[in-house]
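Here is a friendly walk through a two-chain model. Have the viewer open and follow along as the report moves from the whole to the details.

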Amino acid sequence: MVVLAASILSKSGKVLVSRQFVEMTRIRIEGLLAAFPKLLGTGKQHTYFETENVRYVYQPIEALYLVLVTNKQSNILEDLETLRLLSKLVPEYSVSLDEEGIGKTAFELIFAFDEVICLGHKENVTVAQVKQYCEMESHEEKLHKLVLQSKINETKDVMKRKASEIEKSKIDKNRGDKGGFMSMGSGRIETSLSEISIPSSGSGFGSGSGFGGLINEVDSFPTKSKGRQPSSATAPPKGSGMQLGKSQKTNQFLESLKAEGELIVEDVKPKAGLAKAAIAPPTDPITLTAEEKLNVTLKRDGGMSNFDVQGTLSLQILNQEDGLIQVQIETGGNPGILFKTHPNMNKELFSNENILGLKDPNRPFPTGPAGDAAGVGLLKWRMQSADESMVPLSINCWPSVSGNETYVSIEYEASAMFDLQNVVISIPLPALREAPSIRQIDGEWRFDSRNSILEWSIVLIDNSNRSGSMEFVVPPADSSVFFPISVRFTATSTYSDLKVVNIIPLRGGAPPKFSQRTNLVTENYQVM
Amino acid sequence: MEKSCTLLIHFDKGTPAIANEIKEALEGNDIPAKIDAMKKAVMLLLNGETLPQLFITIVRYVLPSEDHTVQKLLLLYLEIIEKTDLKGRILPEMILICQNLRNNLQHPNEYIRGVTLRFLCRLNETEIIEPLVPSVLQNLEHRHPFIRRNAILAVMSIYKLPQGEQLLVDAPEMIEKVLSTEQDPSAKRNAFLMLFNCAHDRAINYLLTHVDRVSEWGELLQMVVLELIRKVCRTNRGEKGKYIKIIISLLNAPSTAVIYECAGTLVSLSSAPTAIRAAANTYCQLLLSQSDNNVKLIVLDRLNELKSSHRDIMVDLIMDVLRALSSPNLDIQRKTLDIVLELVTPRNINEVVLLLKKEVMKSQSGELEKNGEYRQILIQAIHSCAIKFPEVASTVVHLMMDFLGDSNVASAIDVIVFVREIIETNPKLRVSIITRLLDTFYQIRAAWVCSCALWIIGEYCLSPSEVESGIATIKQCLGELPFYSVSEEAEATDASKKTPQSNSITISSRRPAILADDLFSSLAIFFLAAVVTCTLTKLVLRLEEVQPSKVEVNKATTQALLIFVSMLQLGQSPVLPHPIDNDSCDRIVLCIRLLCNTGDEIRKIWLQSCRQSFVKMLSEKQLQETEELKAKAQVSHAQPDDLIDFYHLKSRKGMSQLELEDEVQDDLKRATGEFVKDADDANKLNRILQLTGFSDPVYAEAYVTVHHYDIVLDITVINRTRETLQNLCLELATMGDLKLVERPQNYTLAPESSKQIKANIKVSSTETGVIFGNIVYETSNVLERTVVVLNDIHIDIMDYISPAVCTDTAFRTMWAEFEWENKVAVNTVIKNEKEFLDHIIKSTNMKCLTAPSALDGECGFLAANLYAKSVFGEDALVNVSIEKQADGKLSGYIRIRSKTQGIALSLGDKITLKQKGGS
């Protein structure tokens, strides 16, 4: 099942273009193609013939022959399909179907052929797709360039400002030297620009004088690249002596990282951080936070492949004098949950009486400043399950192609266990210029054109809306594009149902005032 | 290992691009100019230039370019440049491109990444690939399927390299993981392909764990699954049972390509009747459902293979195969009939003939141009059915006789030959055939058909009434007597051409036929006249035997004589463009004499011997056919060391052993030319040619290998001097249809050292070619170049032609058509005609078309036709006509005809050279 070569010959038998897909010597392919016009009979109503070793399948196109050379066991039905596709592609790239026209567009044709046949195997592509692949219009690249440009602009701005500052100070000192400084300033702008716009490619060999040195350079790539973002261009240009503005630019910077770094889709993290930041800093002297992080992977056609809950109970004490306490808790008695105490905790006390206290009763709990939201971890727990009924929110996504459009209907169904807040369902879309048209929605939507993600947000899911749906239309696309769907939400109750019943001061006296927070957040909740 | 060639582009030498211009454009900032320059650089490289100075320019100015087209062209450039030195070590400067490739692999543009990954698939240099491996692996998880697809293929190609397993130790595991989560059908296929090629245990494992879902997989993946199954079953025959189920489930796949592949797999896997039947059924379905002629023809090829290996099963499907006749394509119809005719059995013959008859009727109604030809092959098919199963002859012969007057001469000839054979072999049908023939005689148009029909009438009219009506029919067709009278000569001269037409129906009615049938040209009229004369003579002689009334006989005799005389008179009249030829004239005169003076001796010759020799000819033909059949049967016999399957001991699953070698792989290797049969070593040494003298400063000898379309010269050059030879260059030039592939290169040859040089020469047609050459070199102290002229290398035409078979008619058509004739007078020491013919056949590597029986006997002369075909599909025709002279020497001519001058000339030279014999 292998296409050896796809070629275009003139009627007189001249080989205009030929692309080979398996390894063969030049003399072999030239020989095969030279034999073609000789073997080509006239007046036949079929367009293939075989020799001892190969089969030719061809199609006349005006003054040309489009020929596939295959081995004899190749699947004729598939090859004819390939030939048909190629014959549609040739006029797309070559306006005049004659020797001259093909000669002019030979390279474009080779590029197009490469998209249709890969290592001799047919690819499942359409004419439109091949054209798209050959145009190489990449949304991501544009974005990347934009980011780069904005950085350059910013650098320029900073530079100008600095230059004018220096200038001003110089003017103040000496009005005569103005011109010289101007030129120096602009010179510096240029050098830094060139350093930015030619991402590290120059540095790879520019300095390398010997062979050995080059090898070292290259050998070190893998280690370097591991920790870094894929594109080295995003690293701040060294030696420019200027800092990038941190304030509002960091956002953009992050965005650009996200745009390039599809490999490490980590959208979850920055957002989780934001969610945490939204919680008001504690004002009570003692705060206990029970948080559960949810890692769930659901399969697109039902079922789940991963369900994992990790919980922590952390304690935060504002004042040192409140440090000598013990915490009495109560758990929901969920047998699937295993608790683990901090190594410094008195295990027996916990297992017998559900009281959390330090092994050394004379040591106080460490205290933290008000700003530090983390606190001290007292207890950890973990729950894994294969029980689908534990899933708080299930998503059902149905893309279906109809005519020139793909209809996608999505519905969610939330279990009665929790009331979910700030639910955001992010659906990746094929690269689009405009927002998709939303036919119907329960909730609100937002289209992130940079990452081409459609975000469907529902502020609260409670008993009134345990299920909901959305439907939108995009241009035709493969159904796999819409996955993985990632979901984030928060809830105020947890799986463990852990509650702090009491705070027992060890020095006696009235139990201090405490506040308790319970939080369920999604860490990684995806439908693959 | 020779370098592989990945692309060819026609290069117009009229517009030479200069390296400097290219360099300038590459250094500039104008993107379109850069693109143009890159294209030119690639074209120059393809044309054999090496352009080493361009590399650094490209590294400096093209590598950093952001333009996508430039980057793509750069990849093409990198694809074709020489990346290693002569010893196969990587060139140090190649490391410069690594950085760029790595950047491309991390490019924000997904297509740049994709094409770069694809480029890596074509790269063989581990040193370049090694630093790129981590980047390739990163791309395996990229969001974009386009990148993943190509990344998987790149991993596969890298892993397949000689040191690939060290570069990518855990590639199979990685790809297996990818396969389990991948959703893109193409990427999934590639991943499976990778496992299939690199770790097929894992591929099998994956297949078996997902066995229930195979039918839901994409078409591309299913195809690879089938390939995998074939491969596994070849290496591990015991496993077959597991896979048959998968194949059966795929037989219902929506894609016809998959179905076709399934059937093929099924056949290669099992010879169980059910499996074969399922495969054959599938093929038959495809045959009907696919409208593309190519598909139909190839499916018929598959059915034909099944027919030879599993005839018993195919017999049941004969009617399904026959349905392919509905296609209007003649090639398909012919192939179908070829298959069907070998499947005919007594059980299905009636059904088959019925359908063929229907088709013949149908061919009559349509106005299609090809219908005549189609009818001809149908008639031939019915003919061979009737020979095999004489009982059906009666049902078809009358229908066939309707076509005696067919405007397609060839089919009319077939019909009459058929009738002639049937009337002899089926005595029961004689009466009805004769009656019918006499009824339809007037419809006959073609001279050849007519003479054959006349012969039948003459031989097989036995009863008095038949003889009489025979005579009457002929007389009626000849028209009124006399054919020509002197009085008419006086008429206007311009009417002279019309005269014979108005006089004779027979002759006028035969006119168009004669024009159509160029084999006989104008002589045919009188040849036919001679045939008419003989027939009438025969009939009159028979009448004498069967008719008791003397009066009637005498009357018939005189009438016949009158006709003969009129014919002679017409033949000698000046109104005809050609007068009667001597042969016909002699025969007519002979018949006149005979009728005037009959005798027993002569009667015996005329009434019995003719028939006897015909019977002999028929039995000869039959004998030949049975012998051919026997020879065929001989071939299919088992080899002494073959495995024997005992039916009763076979496993219950019904799957027999499968005797497949790794044919798929071989097929591909043959196709790419990698597969070369080991030639006989002794033969190899015979082909060494000495190119220079032993005392020349440079000694050279060549070993010539001739493949189909190319010639490879392995030349050993030895420096015999004590000096270093610089810029030593082997310059070759060719004559004939030969072309050098590469440009010559310069070498430096140390004192008394030797060098192997390889030269490829492309052959594009069959003819004797000559390769000339020089060796040019400089020595260190003398600056002028020294030239050593080499012996010519002659390329033998015999390497290009092989014996072939064609039908008599085809031979004659080609003989008439071909323009080039080379006539070689016989000049030999061989005394025996047969021996001489054998000598010619042996030395020209041709096939003798004339039957051996026709060459038997010692009559002093011999004529035979030889035929061969070249690898380029050209025909070579040879006719040998020799006569033994009184002095015992042979004389005569050998004529060679071909479409091209080359063959005629080269073959003629060859024969002139070899015909002397005696050596």
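The report below covers the model and its confidence, the two chains, their interface, and a few local elements.

## The model and its confidence

This is a predicted model, in which local features need pLDDT of at least 70 and side-chain atom pairs count only at pLDDT 80 or more, while totals for chains, interfaces and linings use all residues. Residues are numbered from 1 along each chain as its sequence is written, chains are lettered from A and ligands numbered from 1 in the order in which they are written, and side-chain values use heavy atoms, with hydrogens and water left out.

Chain A holds 13 helices and 23 strands. Here helices (H or I, at least four residues) and strands (E, at least two) are DSSP runs, numbered from the N terminus. Of the 528 residues in chain A, 46% are buried; buried means under 20% relative accessible area, exposed over 50%, and partly exposed in between, with a 1.4 Å probe and protein chains only. Among contacts in chain A with a separation of 6 or more, 70% link residues 24 or more positions apart.

Chain B has 41 helices and 17 strands. Its 919 residues are 51% buried, and residues 24 or more positions apart account for 66% of its contacts with a separation of 6 or more.

## Where the chains meet

How many residues does each chain bring to the contact? Chain B gives 100 residues and chain A gives 92 residues. Between them, about 9,000 Å² is buried, with carbon and sulfur atoms giving 58% of that area. Buried area is the accessible area (1.4 Å probe) that two parts lose on being put together, summed over both.

Eight salt bridges are found across this interface, a salt bridge being a side-chain nitrogen of Lys or Arg within 4 Å of a carboxyl oxygen of Asp or Glu. A:Glu108 forms a salt bridge with B:Lys39, and their closest N and O atoms are 3.0 Å apart.

Strand S4 (residues 54-61) of chain A has six of its eight residues buried, so it is largely enclosed by the rest of the structure. S4(A) pairs with strand S3 (residues 48-50) of chain A in the antiparallel sense over three bridges; two strands pair if DSSP finds at least two bridges between them. These two strands form a hairpin with three residues between them.

S4(A) also runs antiparallel to strand S5 (residues 64-71) of chain A, joined by eight bridges. This hairpin has two residues between its strands, and A:Glu62 in the turn has a positive phi of about 45°. To see how the strands line up, find A:Val57 in S4(A): A:Tyr48 stands opposite A:Val57, and A:Val57 stands opposite A:Leu68 in S5(A).

## Two helices of chain B

Helix H14 (residues 219-235) of chain B has 17 residues and reaches 25 Å from its first C-alpha to its last, close to the expected 24 Å. That expected span is 1.5 Å times one less than the number of residues. Because 14 of the 17 residues of H14(B) are buried, the helix is largely enclosed by the rest of the structure.

In helix H8 (residues 133-139) of chain B sits B:Ser135. Its relative accessibility is 4%, so B:Ser135 counts as buried. Leaving aside neighbours within four places in sequence, B:Ser135 is in contact with B:Arg102, B:Leu105 and B:Gln106.

Methods. Contact = heavy atoms within 4.5 Å.
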